[in-house]
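Have the sequence and the 3D view ready.

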Amino acid sequence: MATQSLSLTARALRLLSTREHSRVELERKLQRFEEEPGTLAKALDGLAAKDFINEERVVGSVLYRRAGKLGTARIKQELQAKGLAPEAVSEAVATLRETELERAREVWRKKFGTQPQDATERAKQMRFLAGRGFGGDTIHRVVSGGGDEGEY
């Protein structure tokens, strides 16, 4: 029994060594290795008590890795999929909304850099930004060139 718990802990630590994981993610990934009911929960409780599993760090890690490439909607979806507390997700979304326009401009600039010349090109640029999870109003402002950098 102790070796199974150690094995689950070792597997969890291996996953945590690559990036931050939420408890829900670890449960999902390690469930198939649990031979005796309750051992996985016990192993994860031990890791959480030692602060190896930390929801704030998971949120910070996702924001750090993804905010430069994705819009608020996609990041919100990713945070929710990790099983994080709704309050933590809401707080992160509020922070992201403050910078959405400038982040969208930067993503657009790296990909396209010039205003669309016709409706087809405009639709392509808008679909690209929508696929990245940026909001409709933000997409319209970026693609139409509305608002200077200092505006917003």
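Here are some questions and answers that set values against definitions.

Q: How do you know how far to trust this model?
A: This is a predicted model, in which local features need pLDDT of at least 70 and side-chain atom pairs count only at pLDDT 80 or more, while totals for chains, interfaces and linings use all residues. Residues are numbered from 1 along each chain as its sequence is written, and side-chain values use heavy atoms, with hydrogens and water left out. The pLDDT is the predictor's confidence in each residue, from 0 to 100. The protein chain averages 92, and 91% of the residues score at least 70.

Q: Where does pLDDT stay under 50?
A: That happens over residues 148–152, for which the model has seven contacts beyond four places in sequence; a contact means heavy atoms within 4.5 Å. Where pLDDT is low, the predicted coordinates should not be read in detail.

Q: Why is His21 called buried?
A: Buried means under 20% relative accessible area, exposed means over 50%, and partly exposed is in between (1.4 Å probe, protein chains only). His21 has a relative accessible area of 1%, so the residue counts as buried.

Q: Where is His21 found?
A: His21 is in the loop between helix H1 (2–18) and helix H2 (23–30). Helices (H or I, at least four residues) and strands (E, at least two) are DSSP runs, numbered from the N terminus. Leaving aside neighbours within four places in sequence, His21 is in contact with Leu15, Leu16, Leu26, Lys29, Ile53 and Val58.

Q: Why is Arg132 called partly exposed?
A: The relative accessible area of Arg132 is 27%, so the residue is partly exposed. Arg132 lies in the loop between helix H7 (119–131) and helix H8 (136–144). Beyond four places in sequence, Arg132 is in contact with Lys69, Leu70, Gly71, Arg74 and Val107.

Q: Why does Glu91 count as exposed?
A: Glu91 has 60% relative accessibility, so the exposed label applies. This residue has its place in helix H6.

Q: Is Leu40 buried or exposed?
A: Leu40 has a relative accessible area of 3%, so this residue is buried. Leu40 lies in helix H3 and touches Leu8, Glu27, Leu30, Gln31 and Glu34, not counting residues up to four places away in sequence.

Q: What makes a group of residues a nonpolar core?
A: It is a set of buried Ala, Val, Leu, Ile, Met, Phe, Trp, Tyr and Cys residues joined through side-chain atoms within 4.5 Å. The largest one here has 13 residues, and those with the most contacts inside it are Val59, Leu63, Ile75, Leu79 and Leu84. Helix H4 (55–66), helix H5 (72–81) and helix H6 (86–111) each supply at least two residues of this core.

Q: Why is the pair of Phe112 and Phe128 called edge-to-face?
A: Rings of Phe, Tyr and Trp (its six-membered ring) pair if their centres lie within 6.5 Å; planes under 30 degrees apart count as stacked, over 60 as edge-to-face and the rest as tilted. Phe112 and Phe128 are 5.4 Å centre to centre, with 90° between the planes, and form an edge-to-face pair. Phe112 lies in the loop between H6 and H7 and Phe128 in helix H7, so the pair ties together parts that are 16 residues apart in sequence.

Q: How do you know that the charged end of Arg11 sits over the ring of Phe33?
A: The rule asks for NZ of Lys or CZ of Arg within 6 Å of the ring centre and within 35 degrees of the ring normal. The charged end of Arg11 sits over the Phe33 ring, 3.7 Å from its centre.
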